[in-house]
Structure formats: structure tokens, C-alpha cells
Amino acid sequence: MHLVYPAVLAVLLFCTGLYGVLARRNAILVLMSVELMLNAVNLNLVAFDVWLRDTLHTGQALTLFTIAIAAAEIGIGLAIVLLVYRNRGSSDIDRLRDLAEKAGAGDGEPQPDTTAEAAA
């Protein structure tokens, strides 16, 4: 088996996923793009495992761990996106940044002055 074919396919998948992470504003599409990038890594792990003829099949074992981590990541990420969508009415990433900036402003309690603490 030639190593070039799966490597080129993995590069194309990873670049497509990277473009999706950098260019998209919808959180669900960003999660799907991260999954594409993880699948490109999985393809490389399996291709190099077959090419090196590893008797322990380390690449395939690492691929199983990556799939398990990806499943947990998509489950938690989708739950967070659904909660944000219920509360805000949109899953736009720019609005999530606004939420992080306004988090401390509406509590009713005065915020500590970090510049005075840093100077002391």
C-alpha cells in the first residue's frame, strides 16, 4: 500500500476542518469541523500503523482512544450548544464572546480592581 494516498486524503480532511473552524460562526459547524480534523488524525494513525507493520498495532489502539475522546467531546459540546441555544436563541459564536464579556458586569456585586492588586 502506498502511504501517499491516505496521507494526501488526511491533509485534505484536516485542511477542510481547519477552514471550517476558522471561518464558521455556527457552533455546531465548528464542532463538525473539529471532528473532521480528528478523523484526519485517525486516518494518519492507521495508515502509518499499516505502513510500518507494527506488531502491537499501536496506531490502531491510539485511534480507538481518539474516537472515544471525540465521542465525549461531541456529546459535551452539543449539550453546551443546546443550552446556549435555548437561553440565547442562537448558536452564533460571536454572541458567545459577548456573553463572556458581560458575565461579571450584571452580578450586582462590585468587581475587584485587578490593576490596584497588581500594583500592590
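Helix α3 is followed by G89, whose phi is positive, near 85°. The model is predicted, so local features are given only at pLDDT of at least 70 and side-chain atom pairs only at pLDDT 80 or more, while totals for chains, interfaces and linings use all residues. Residues are numbered from 1 along each chain as its sequence is written, and side-chain values use heavy atoms, with hydrogens and water left out.

The chain has 5 helices and 0 strands, in the order α-α-α-α-α from the N terminus; helices (H or I, at least four residues) and strands (E, at least two) are DSSP runs, numbered from the N terminus. Of the contacts with a separation of 6 or more, 57% join residues 24 or more positions apart, a contact being heavy atoms within 4.5 Å.

Helix α3 has 31 residues that should span 45 Å at 1.5 Å a residue, and its end C-alpha atoms are 44 Å apart, which agrees; the expected span is 1.5 Å times one less than the number of residues. Within α3, the residues G59, T63, T66, A70, G77, V81 and V84 are buried, where buried means under 20% relative accessible area, exposed over 50%, and partly exposed in between (1.4 Å probe, protein chains only).

V81 also belongs to the largest nonpolar core, together with A27, V30, L31 and I93, and α2 gives the most to this core, with 3 residues. Such a core is a set of buried Ala, Val, Leu, Ile, Met, Phe, Trp, Tyr and Cys residues joined through side-chain atoms within 4.5 Å. Not counting residues up to four places away in sequence, V81 touches A27, I28, L31 and S91.

L29, in helix α2, is partly exposed, with a relative accessible area of 33%.

Areas come from the Shrake-Rupley method with a 1.4 Å probe; for residues, only the protein chains shown count as cover.

| Surface | Area |
|---|---|
| Chain | about 8,800 Å² |
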